[in-house]
Structures are given as structure tokens and as C-alpha cells.
Amino acid sequence: SAGLIFLFYVAFYTFLAGLFVLTMYVMLQTLDDHKPTRQDRLTTPGMVIRPKADETFEIVYTIQKTESWDMYAQALDKFLGPYNNSLQVLKNDECTPDQYFLQEDSGDVKNNPKRSCQFNRTLLEECSGIDDRYYGYQEGKPCIIIKMNRVIGMFPGKDGQAPFVTCAAKRYKVGKDEWREDSDKIGELQYFPPNGTFNLMYYPYYGKKAQVNYSQPLVAVKFLNITTNEDVNIECKINSNNIPTGHERDKFAGRVSFKLRIN
């Protein structure tokens, strides 16, 4: 009868729903709330710059026109706000430099929340926005902030050698078999902290839930005498003895490229 058929389907779909719920429950029990169970796809972290006007990674402005570069200074102010010394002292610890800040769990006992090391804005010196609120843009000596993407459990250097950033003219194609680079235009560079290093004390990263106050270390690059009125193609990359070199086809793996033009 229609009633028996109806009851059969109710029981059948109830069983399927229960089986689905049970399967999901068992699977969720195998997951850790604080770190991914599997993480073998990402070996070389990406890099990004600030300020970033749009997805094209082009910074173009005219020195005499304040409105053309003021947005970059404001973007850096907003980005560096959480790195103010007063906030870092309240949230994070003063760690021992040049060594990993290890906070391992004890068996099933989670050492959470984990502490984080201070990255004070003043470490960026001339690019901190404290002494020069315009970050050098008003005089044609702009600062670019570089950060390396977070990777849980990554040890970016071995034998006490910290990773560091270097920037140079990017090689780009201008014809079928012709390449060019802007080495003669990029001028002198200055890095903050000195040598453009990401200190080891900011690693390893334990994840957003476990390390809620984590402040990513930054490197600032100041262009002291870049050629004006011309496009300059620049590539900044991470140098490390424990991070694989990114593939050339992935423009963000271990490197970041951008165009800088100052009129």
C-alpha cells in the first residue's frame, strides 16, 4: 500500500542520513583544531608587498602631486598599526633573537594558547613611518614592505642562518627571443631590519587558533635613487638554506615582482 511504501522510504532515508552523520563525526575526530592534518603541498611560501594599489602590483606616482602618493602612505599606516610598540608590548613577548621559539605540546596536553614574539614597528627604522610619516614617497625614496606568507610548522633556516630578502631588477621578455632587465635604473637599496632578515625567533608558526597574537615579521626596502620617469621592474625574493627555490611558473613562490615608476 501507499502507506507502507511511504514508511519504507522514511526509514531508508533516515538510515542514509544517520550513516552520513556518523561518517562525518568519525572523520572530524581525526582532525586537529589547531593545525592541518596534512600539509605537504606547500614547500615554498609566497611573498607579498605593501602598499598594494591593486592586483597588478604597480606603484606609480608623481612626487609633486601629493594625492598620487598619499594613498600609499595611508595604506602603510593602516598596515603597520598593529605593529606599534605600545601594542606589541601588551600582546607579545620579548624573545631571544636568532633562535627558534619552540612551544611544543606534551603528548595529548596542548600547550595553547601559544605565545608570540614582539615585532616592533621601530625595527623598520626609516621605513617605520615614525620619523617620516610619508615613508619617503614625498622625496622619491619610497619604502616597500615585504612579508612572507604564514606556513604552519615551517623552519625557514638551519644552522642558525636566518632567511633574508634581496631585491633586484627583474628580467622580462620584450621580444620573441629578447630579454631585458632594469639593473641600471634600480639604484641603491637599503633594508630594514639590517640585511633584510626574518629573524628565527618568529618561527615556527603554530596556526591562527593556537597563536592568536602572532605578528608576522616584516622587511622594508627603501629605494634611495631609483631612476625617475621610467618603469622599473623589480623582483624581491627570499634567500634561505632551508626553503626550496620556487618554480619559475609560480610568480609568488618565494618571490614577488612589481613595477615602480616615480615621475
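The largest cavity is lined by Met 148, Asn 149, Arg 150, Val 151, Met 154, Tyr 203, Tyr 205, Tyr 214, Gln 216 and Pro 217. A cavity is a set of points on a 1 Å grid over the protein atoms alone where a 1.4 Å probe fits but cannot get out, and lining residues have an atom within 4 Å of a point. The volume of this cavity is about 70 Å³, meaning the space filled by probe spheres set on points joined across faces, edges and corners. Its lining has seven nonpolar, two polar and one charged residues; here Ala, Val, Leu, Ile, Met, Phe, Trp, Tyr, Cys and Pro count as nonpolar, Asp, Glu, Lys and Arg as charged, and the others, Gly among them, as polar.

Please keep in mind that this is a predicted model, in which local features need pLDDT of at least 70 and side-chain atom pairs pLDDT 80 or more, while totals for chains, interfaces and linings use all residues. Residues are numbered from 1 along each chain as its sequence is written, and side-chain values use heavy atoms, without hydrogens and water.

The structure holds two cavities of 30 Å³ or more.

Pro 204 sits in the loop between β7 and β8, where strands are DSSP runs of E with at least two residues and helices are runs of H or I with at least four, numbered from the N terminus. The peptide bond from Phe 192 to Pro 193 is also cis, with omega near -10 degrees, and Pro 193 is found in the loop between β7 (189-192) and β8 (218-223). In the loop between β7 and β8 you will also find Asn 195, which has a positive phi of about 70 degrees although it is not a glycine.

Now turn to the largest pocket, with about 420 Å³ of space. A pocket is an open set with protein on both sides within 12 Å along at least five of seven lines. Of its 22 lining residues, Lys 170, Arg 171, Ile 234, Glu 235 and Ser 257 lie nearest the centre. The elements giving two or more residues to this lining are β4 (164-169), β9 (232-239) and β10 (255-262). By class, the lining has eight nonpolar, four polar and ten charged residues.
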